[in-house]
Amino acid sequence: MDWRKKKARRIAWERIQLLFTLALEEVKKGNVVRVNRYIEHILKLSRKYNIRLPREMKMYICKKCHSFLIPGKTSQVRLKKGKIVIKCLKCGSYKRYIYKK
Ligand SMILES: [Zn+2]
């Protein structure tokens, strides 16, 4: 990969982090429309630049309907035998993670 692409990727990654922070801010304000717009943007960048989103980010994004998963609001979180099960209340899909202390 040449340096130009590397640089573009780094910038894209910085943008993703910024967008995620902004999305969290909008979640606090309850601005769902704007939150979803940020999420779409994040996913677009990650696809375009082939950037893998970290687990902490993925846990908040429904892989099916792309809605932002807010525990107790748009998602249901349960701990089950060392696993975290997150259910999206919008489309009903599940996510499972191994729970480590
Ligand atoms: Zn969903």
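This is a predicted model: local features need pLDDT of at least 70, side-chain atom pairs count only at pLDDT 80 or more; totals for chains, interfaces and linings use all residues.
1. As for overall dimensions, the C-alpha atoms of the protein chain fill a box of roughly 45 × 30 × 25 Å along the principal axes. Buried residues account for 13% of the 101 residues. When contacts between residues at least 6 apart in sequence are considered, 38% of them join residues at least 24 apart.

2. The domain assignment divides the protein chain into domain 1, covering 1–52, and domain 2, covering 59–101, and the centres of domain 1 and domain 2, taken over C-alpha atoms, are separated by 20 Å. To the contact between them, domain 1 brings seven residues and domain 2 brings five residues.

3. On the side of domain 1 that touches domain 2, α1 (3–29) and α2 (32–48) each supply at least two residues, with the largest share, five residues, coming from α2. Sorted by class, this side of domain 1 consists of five nonpolar residues, one polar residue and one charged residue.

4. The largest nonpolar core has 13 residues, and those with the most contacts inside it are A23, I39, I61, F68 and L69. Both α1 and α2 supply at least two residues of this core, and the largest share, four residues, comes from α2. Because domain 1 (1–52) and domain 2 (59–101) both give residues to this core, it lies between them.

5. I61 deserves a separate look in this context. Once its neighbours within four places in sequence are left aside, I61 is in contact with I39, H66, F68 and L69; of these partners, I39, F68 and L69 are, like I61 itself, among the residues with the most contacts inside the core.

6. Turning to the strands, β1 (residues 75–80) runs antiparallel to β2 (residues 83–88), and six bridges join the two. S75 stands opposite C88 in β2. The hairpin of β1 and β2 has two residues between the strands, and in this hairpin K81 takes a positive phi near 40 degrees.

7. How many of the six residues of β1 are buried? The count is zero, and strand β1 is accordingly described as hardly covered. In a regular strand the side chains alternate between the two faces of the sheet.

Note on methods: Residues are numbered from 1 along each chain as its sequence is written. Domain bounds come from an automatic or database domain assignment. Two residues are in contact if their C-beta atoms, placed from the backbone, lie within 7 Å. Ala, Val, Leu, Ile, Met, Phe, Trp, Tyr, Cys and Pro count as nonpolar, Asp, Glu, Lys and Arg as charged, and the others, Gly among them, as polar. A residue is buried if 20 or more other C-beta atoms lie within 10 Å of its own, exposed if 12 or fewer, and partly exposed in between; C-beta atoms are placed from the backbone. Two strands pair if DSSP finds at least two bridges between them. A nonpolar core is a set of buried Ala, Val, Leu, Ile, Met, Phe, Trp, Tyr and Cys residues joined through C-beta atoms within 7 Å.
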